[in-house]
Amino acid sequence: MYAYTIRRVLIFIPMLIMLSIIVFGLAKAAPGDPFTGKILDPTVDPEVFEQQREALGLNDPIPVQYARWASAMATGDFGTSMYYKGKSVQSLIQERALNTIYLGLFSLAITILVAIPIGMYSARNPYSLLDYSATTFGFMGLAIPNFFFGLVAIYLLSIKLGWFPAQGTISGTEIGGWEEWKSRLHHMVLPGITLGLAGTASYMRYMRSEMLDVLKSDYIRTARAKGMGERNILYKQALRNAIIPIITLMGFEFGALLSGAIITEQVFNYPGIGTLFINSIMNRDYPVIMAITLLLGVAILIGNLLADIFYSLVDPRIRYD
Amino acid sequence: MLIREKKLWILLVLLLAFGLLLGACGKDKEEPDKSEDQTEKAEKETDEQEEAVEEQTGPTAGGTIVGAMYSAPAGMFNPIFYEEAYEANILSFTHEGLVAQNESLEFIPSLAKSWETNDDQTSITFTLEEGVTWHDGEPFTAEDVVFTYQAMSDPDYVKAGGIRTAYVHPLKGYEAYNAGETEDFEGVVADDDHTVTFHFEEPNINPLYYASFPIIPKHIFGDMTVVEMAEAPESLDAGKVIGTGPFQYTEAIEREQYVLTKHEAYWQGTPYLDKIVWRVIAQSVMTGLLESGEIDFIADPNGIAPADFESVQALDHITIIEQADFGYQLLGFKHHHRTTEDVESGELNPDNWVPNEKVSNPKVRQALAYAINREGLVDGLLYGRGQPIDSPIAVQFWAYDDEAAIHYDFDQEKAKDMLDELGYVDQDDDGFREDPDGEEWVLNMHYPTGNELREKSAPLIQQMLEEVGVKVNLHQPKEMTAYVEGLTDDNSDWDLYLLGWSLGSSDPDPTGLWGVDAPYNFSRWNNPESTELLKKALKAPEAFEQDFRKEVYAEWQHVFSEDLPALLLYAQNSLWAYHNKLQNVDPLPFTMYENSHLWWVKEE
């Protein structure tokens, strides 16, 4: 197990190097640079931007620029943003990463708490009223675009009813203590539900069909025949097997969690990594693009690794050596 | 086993309870707001009667108002380094220059109370207001003015990220100081604590413009190099940024809220408002938040989208300010292309330019101009909140002359006749005109994304041109960063392009956009008459007289509209809105944020 984990982690390194080369190449191949989009100010002499390009080394050959970036990276220096002037990439990402992680965990929690119980219930009582309503809800959840659901939620629950705040992560600037957390959670409700909607719907469907399969299998029949309690069968025997595909999905979800949800973040003006990422691409803010890409790469690799490890925890038949 | 299950249940119950608690907290918090809203509306009805009473009671101190913007500032709050309109927004409350502009765009005293120029306008001496203090209580002096301009002339200023070199370029001795050849900065000199003189290399026709830049404090930045200055917390962080303005930038939640607190010792009197809070919101919910009273005003740099105008107008408690904007949208004609060598070396030499035969005849451009229904674009896309314009000088300027420019009123028959006459007729019956030599005549049109209305106008313009038989190849839109590269590196097949300019209010001189060797002259327009007029309008000493310049610009506007480097499509109105409880809003043609120290909130 440990050897397996270490081996997997070591494989990350060449993969990340490859990833960084590809992304760097692609980012540089895109037309424009951090200054081309800015030049539309008639009071500013474009010569100024040329000087800044020179100072930042953007006129050097791309391999030279990559080598410069990589050697700084190797010493743990992510560089300085070219768009958010005077800010280090690290501070930009830190500022937003927490928001993204809170929101991601919150929506994941909603997803799991809603999807798994309902999915299980549906499987236990297929074609019941609740099963049908859950199925309907599931398809609707998958069909409704995120941003639309978000806007409707803001209009109804925030502007009309005033239950939840519509924008941002926190109200007021009083920071610290219990008040801040209450405000943060309160602000997370709408974006959290919006973000978790599609996930909830699909996890519910997965859970239902997996559970139905498992409940029909031989060992469950054996367990029933042995007179094992229904609860025991459901939670101890069936759930463990039914949940494996969900774990696979969650492995990917871990990466998605860090990358943030660009659309949801925008609708709720919830400043997270997603918005930062898209802005940095638009502005050709190369150091930020590179840092976030690597972060996502690491997150997805770790997510998959964790999923593999969890397999062996829930299913003793799976062993790694 | 059972224990574990129990734990799970307890956890679930706890979570549920927590959720309910949250819901309850939310209600507690929002409900007073709601009832306030209702009383607001009720009181609205008795508003008229109250107004008379209120005038006697006069302004009261206190209160907080909330403004909205659609995008967060990049985070640079040092005037000499900021770049974006979102930061300018906040800086217009926190920092001040020696002079400001009034309603008719004349420069008026601000930190300087009077000034005098010498005979040939090579220098101007300002007498500064006394008793002005920075947010931290230090006195403002002439040394701060010198320091600001010196920092912008520093050899490392551009490398540190500064872009406002236009303000220091004409100063005396700038070249030498900027090249690092001398330590003496002669451009701006402090004569004593409250007198400062600007020296220019050449007679300057608009010295006040150059002296209008916001001043930064020497006692804060004095010991830093410019490179350090750009990364210093004093340039970036709430509470550390120091100016002389009526409000201080005191608190922030990055990307969400920016809080300005009143400057008690403000030299024009303590502001009435306690705080102005900027909130970053999504444009899609703006109308709703205005309605619910969560935001109190929305103005520069966004304002209301024309499509939302009616729904905002329907709100009783909101006042809308609508006025013409200084900028415009245009359909450019590429008069010339550059050679590949010039593009690679970045050279702008009109002698090397290659004429673009497809639109090089001015009559052809005029015919195309008649074919475009600009009124229709304004009505359809802007919901009437703007107007077609024919002169690239904004209507608010003294230099604007409506008579001088040729007006291209929509007339497709005229367009067809003109093209027929010029020999552009359909020879192979495909429905599109060929050029006089019988060759295929297809105009390549490009446009950027980023401005929804402009994006929508592109296919409409294509359709209008095709209605008069001109084949237009409309290319896929590009995002602005990529688009500008294509626009600049024009050794390509571009013929028509869409672009918008947002322009300042300081001087109408159009050389920066339409001068022959201006980099922003993306049409690569080379008209000797225009070149001569633009020079003449800036030539001392005649140009010291505004009337002289006005005449020259009238002539130039005629040349522009006749030769058409671009067809100006429309100028969109700026639409700003604020809650009626906010009193003393006194908008200028270019900003709503005038005299914000006099703003106050009427208690409801």
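In which sense, parallel or antiparallel, do strand β17 and β19(B) of chain B pair? The views below are taken from a predicted model.

**View 1. Pairing of strands β17 and β19 in chain B.** Strand β17, which covers residues 442-446 of chain B, and β19(B) pair in the parallel sense, and two bridges connect them. On the β19(B) side of this pairing, Tyr497(B) is the bridge partner of His446(B).

**View 2. Pairing of strands β13 and β19 in chain B.** Strand β13, made up of residues 328-333 of chain B, runs antiparallel to β19(B), and the two are joined by six bridges. Within this view, Leu499(B) of β19(B) has Leu330(B) standing opposite.

**View 3. Burial of strand β19 in chain B.** Strand β19(B) spans residues 496-501 and is mostly covered, with six of its six residues buried. In a regular strand, side chains alternate between the two faces of the sheet.

**View 4. A patch of negative charge on the surface of chain B.** Glu529(B), Glu532(B), Glu545(B), Asp547(B), Glu551(B), Glu555(B) and Glu562(B) gather in this surface patch. Helices α19 (528-536) and α20 (546-563) of chain B each contribute at least two residues to the negative patch, and α20(B) provides the largest share, namely four residues.

**View 5. Glu555(B) in helix α20 of chain B.** Glu555(B), a member of the negative patch, lies in helix α20 of chain B. Glu555(B) counts as partly exposed because its relative accessibility is 44%, which falls between the 20% limit for buried and the 50% limit for exposed.

Terms used: Residues numbered from 1 in each chain as written. Chains lettered and ligands numbered in written order. Predicted model: local features only at pLDDT ≥ 70, side-chain atom pairs only at ≥ 80, totals over all residues. Heavy atoms only, no water. Patch = residues over 30% accessible without salt bridge, like charges linked within 9 Å, V, L, I, M, F, W, Y side chains within 5 Å. Areas by Shrake-Rupley, 256 points an atom, 1.4 Å probe, with all protein chains shown as cover. Salt bridge = Lys/Arg side-chain N within 4 Å of Asp/Glu carboxyl O. Lys, Arg positive; Asp, Glu negative; His and termini not counted. Charge placed at Lys NZ, Arg CZ, Asp CG, Glu CD. Buried < 20%, exposed > 50% of the residue type's maximum accessible area, 1.4 Å probe, protein only. Pairing = 2+ DSSP bridges.
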